[in-house]
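Dear colleague,

I am handing over the structure below, together with a short account of what was found in it. Please read the notes with the model open beside them.

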Amino acid sequence: MDGNVGRVERAMLKQYLNELLATEHGLDGAMFCTSDGFDLASTLPGGVSPETFAAMVSSQFALGDALCREVGHKLCRDLVVDAATGKVLILEIPQTGRGLVLAGVASTRATLGQVLYACRRVAAMVGSRVGGM
Amino acid sequence: MQKREYKLVFTGPMGAGKTTAIRAVSEIETVATEVANNDREQCDKDTTTVAMDYGEVMLEGGSRLRLYGTPGQARFQYMWPILAKGAVGVIVLLDGRRDDAVATMRHYVSHFVEVVGEDHLVIAVGRMDEGASSLAAYNRCAAELGLSIPVVSADVRARDDVLMLLEILFSRVEMAQLAAATEEEV
């Protein structure tokens, strides 16, 4: 039920998450989850259920894949959901066979390009560490 | 004859055959949102649907039936109202081998009867040929809920079986519409 991610890898994911949130002040929360919607490491805004958020992230990312396939763009890499009071970013973790996903919850004070760059950077680092696990 | 669009939802627990049923009858390449399944305790299969399935069937006269499948796991229940919005009917698929199949039926029927009404529901129990009990327990469950809902055995891998489910559902929908129209006239 955990995407074959062990305790050590979860601790490593949590460490990456903490570093991301410490450096990107536009992010109110973030999560690593499996592509079928299980929370692996998360720090989310108060009141947000990690279980529900992970399920929704996996649904959204899978719909992004389906949408991209439909128009011939192959597989989805990132999703940005723009809302009235913030944004939600969902990114694939490369080299994990689309097994892991990173999601970020950004506030209105976030600069989209900067947050997206930071999340992609962390996703790439995690992919190179846990890829092929 | 006016061409119309109908929306129909296949629902049920993980592994009941929702994706298979839609693939069996769809006349377009189905849209799937399957990913690797990490929850082998709940269901031992390689992939699982995390958002929806989608397929289409053309009806006589050029009307189109749009088929949606829900994810099966409880954590994706938030997709139910999204997918059921505007649906003309719901087919609940169950795995007859599972000990909790009747309890599962109660859970799904209790929810979807509020969404579409009992005349727009059909229960299909699969894998009845693999040691499952009869349909009596499912019919008792419907009776206990105070509902008159057809409960049938179906192999959703077979196109004819899935088409049979669609026919049962549509005949019930038409009868309900006829009854409502008659009542209005009276």
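Chain A has three helices and five strands, where helices (H or I, at least four residues) and strands (E, at least two) are DSSP runs numbered from the N terminus, and from the N terminus on its elements run α-β-β-α-β-β-β-α. Please note that this is a predicted model, in which local features need pLDDT of at least 70 and side-chain atom pairs count only at pLDDT 80 or more, while totals for chains, interfaces and linings use all residues. Residues are numbered from 1 along each chain as its sequence is written, and chains are lettered from A, and ligands numbered from 1, in the order in which they are written.

The radius of gyration of chain A (taken over C-alpha atoms; the globule rule is 2.2 Å times the number of residues to the power 0.38) is 14 Å, which agrees with the value near 14 Å for a compact globule of 133 residues. Of these 133 residues, 41% count as buried, that is, 20 or more other C-beta atoms, placed from the backbone, lie within 10 Å of their own, whereas 12 or fewer makes a residue exposed and anything in between partly exposed.

Helix α1 of chain A covers residues 7–23, and its buried residues are A:E9, A:L13, A:L17 and A:L20. Seen down the helix axis, these buried residues fall within an arc of 80 degrees (of the directions from the axis to the C-beta atoms), so they line one face of α1(A). They pack against β1 (27–34), β2 (39–43) and α3 (112–130) of chain A, while the face turned away carries exposed residues, including A:R7, A:Q15 and A:T23.

Chain B has five helices and eight strands, in the order β-α-β-β-β-β-α-β-α-β-α-β-α along the sequence. Its radius of gyration is 16 Å, close to the 16 Å that the globule rule gives for 186 residues, so chain B is as compact as a globular protein of that length. Of the 186 residues of chain B, 40% count as buried.

As for how the chains meet, 15 residues of chain B are in contact with 18 residues of chain A, contact being C-beta atoms, placed from the backbone, within 7 Å. The C-alpha atoms of chain B fill a box of roughly 55 × 40 × 30 Å along the principal axes, and the C-alpha trace of chain A spans about 40 × 35 × 25 Å.

Technical notes
Contact = placed C-beta atoms within 7 Å. Expected span 1.5 Å × (residues − 1).
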